[in-house]
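This briefing concerns the nonpolar cores of a protein chain and the surroundings of one of its strands. The structure is shown first, and the notes follow.

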Amino acid sequence: MKKTFIALLRGINVGGQKKIKMAELRETLTRTGLENVQTYIQSGNVIFESSEGNLKSLENSVREAILKNFGFEVPTLVISGNDIKEILKANPFADKVEENKLYYVLLKKAPAKDLVAQFEELNYPNEDFHSTEKCVYLMCKKGYGNAKLNNNLIEQKLKVEATTRNHKTMQKLLELTQ
């Protein structure tokens, strides 16, 4: 039975680096056996169907196809629409701030508890956060572009791969999976 998944690609089409045309990406991933491949905006959001249910296997397929066809590594996280629904539902900041200040740092694996404890001690003016095993929820009162607490810092502190999406993108990805 086919299910719908989302591949979140980190760091493509940003600042002239790792450029991938979305039409070429859709073609490449379709050739790997993924079905009904569609993309949302240029920053690496791919919605697709597959009868393969193993998320790690799907991540590897997408990552390897990009490496083979475009010549560079792209950190890849594959999740389900239900994962996005749960992440959105659990957002502790959903009712407290304007939607354009909400960001989701999606973690590839659960970070070590001792690293989470150290991370929870951090304090940045104009930035609030809450971490779970799958996501660090960010509320950036002055916008993500001005935030000290960003994807790179979170990866460094928690020692996990991550990719960040804004609230609007997360809502649209959920909509596209239903």
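The points below are grouped by topic and refer to a predicted model. The largest nonpolar core has 20 residues, and a second, separate core has 19. Strand β5, which spans residues 102–107, is mostly covered and is joined by bridges to β7 and to β8.

**Nonpolar cores**

- Within the largest nonpolar core, the residues that touch the most other members are Leu9, Ile20, Leu25, Leu29, Val46, Phe48 and Ile66.
- Two or more residues of this core come from each of β1 (3–9), α1 (22–31), β3 (45–50) and α2 (55–70).
- Helix α2 supplies the largest share of this core, with five residues.
- The second, separate core includes Leu8, Ile79, Phe93 and Leu174.

**Contacts of Phe48**

- Neighbours within four places in sequence aside, Phe48 is in contact with a run of residues including Lys3, Thr4, Phe5, Ile6 and Ala7.
- Leu34, Glu35, Asn36 and Val37 are also among the contacts of Phe48, as are Leu58 and Val78.

- Six of the six residues in β5 are buried.
- On one side of β5, the buried residues are Leu102, Tyr104 and Leu106, while Tyr103, Val105 and Leu107 are buried on the other, and both faces are therefore covered.
- Strand β7 (residues 135–140) runs antiparallel to β5, and five bridges join the two; Tyr103 has Leu138 of β7 as its bridge partner.
- Strand β8 (residues 162–166) is likewise antiparallel to β5 and joined to it by five bridges; in β8, Ala162 stands opposite Leu107.

Technical notes: Residues numbered from 1 in each chain as written. Predicted model: local features only at pLDDT ≥ 70, side-chain atom pairs only at ≥ 80, totals over all residues. Heavy atoms only, no water. Core = buried A, V, L, I, M, F, W, Y, C linked by side-chain atoms within 4.5 Å. Buried < 20%, exposed > 50% of the residue type's maximum accessible area, 1.4 Å probe, protein only. Helix = DSSP H or I, 4+ residues; strand = E, 2+ residues; numbered from the N terminus. Contact = heavy atoms within 4.5 Å. Pairing = 2+ DSSP bridges.
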